[in-house]
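Biologist: Hi! Could you walk me through some side-chain contacts in this one?
Modeller: Happy to, here it comes.

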Amino acid sequence: DFDLDCKSVEMAKPPTKALQDAKSAEYIAKIKSVLDQGTPVAVEYYIGPTMATKPVRVVDVDRPTKSDARLWLPRAPGERAYSGHGVLLVGYFTPPNGREQFLILDSNWTEPRLFDVEDDIRRRMFSSGMIMHYCHP
């Protein structure tokens, strides 16, 4: 028995733009709060029909490999629904360019990926049926 307190939060779309802005900020703050406690956050969402590419390259000094820039982003507003996907958010940081990033693990890839907090999460949160899951001891 692990005695974990687990929560699932469906990021439902509020009816007005002002409420959407407030609720998305609340969800992002919750994700960061959970990550700050050392607990990863599983996120599931609907995707669009094509994979996105990211210019970020991960370098593994112990095992040089060719990095694949593709990944499944949450479905964008107005994009046709295709399928579902899930990732594990394991951290966040703000690089020198100032665009806050979530560090993610995706079972499709061996190396970690980055999601831009604003473009890849906040802007797509309500159009992708996003749900977050996390547990605390």
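Biologist: Let's start with Glu26: is Glu26 buried, partly exposed or exposed?
Modeller: Glu26 counts as partly exposed, at 45% relative accessibility. Buried means under 20% relative accessible area, exposed means over 50%, and partly exposed is in between, using a 1.4 Å probe and protein chains only.

Biologist: Before we go on, what sort of model is this?
Modeller: This is a predicted model, where local features need pLDDT of at least 70, side-chain atom pairs count only at pLDDT 80 or more, and totals for chains, interfaces and linings use all residues. Residues are numbered from 1 along each chain as its sequence is written, and side-chain values use heavy atoms, with hydrogens and water left out.

Biologist: Thanks! Which residue forms a salt bridge with Glu26?
Modeller: Lys23 does, with the closest N and O atoms 3.1 Å apart. A salt bridge here is a side-chain nitrogen of Lys or Arg within 4 Å of a carboxyl oxygen of Asp or Glu.

Biologist: And where do Glu26 and Lys23 lie?
Modeller: Both are in helix H1 (residues 17–36), three residues apart, which is about one turn of the helix. Helices are DSSP runs of H or I with at least four residues, strands are runs of E with at least two, and both are numbered from the N terminus. Lys23 is partly exposed too, with a relative accessible area of 27%.

Biologist: How many salt bridges does the structure hold?
Modeller: Nine. Among them is Asp5 with Lys7, where the closest N and O atoms are 3.3 Å apart. Asp5 is partly exposed at 40%, and Lys7 is partly exposed at 39%.

Biologist: What about Arg113 and Glu111, buried or exposed?
Modeller: Both are buried, and their side chains meet in a salt bridge at 3.3 Å, N to O. There is also a network of salt bridges that links Arg99, Asp116 and Asp119.

Biologist: New topic: how many aromatic pairs are there?
Modeller: A search of the whole structure finds four. One of them is Tyr92 with Phe102, an edge-to-face pair with 6.4 Å centre to centre and 75° between the planes. Rings of Phe, Tyr and Trp (its six-membered ring) pair if their centres lie within 6.5 Å; planes under 30 degrees apart are stacked, over 60 edge-to-face, and the rest tilted.

Biologist: Which parts does that pair tie together?
Modeller: Tyr92 lies in strand E5 (residues 83–93) and Phe102 in strand E6 (residues 101–105), so the pair ties together parts that are ten residues apart in sequence. Tyr92 is partly exposed at 29% relative accessibility, while Phe102 is buried at 0%.
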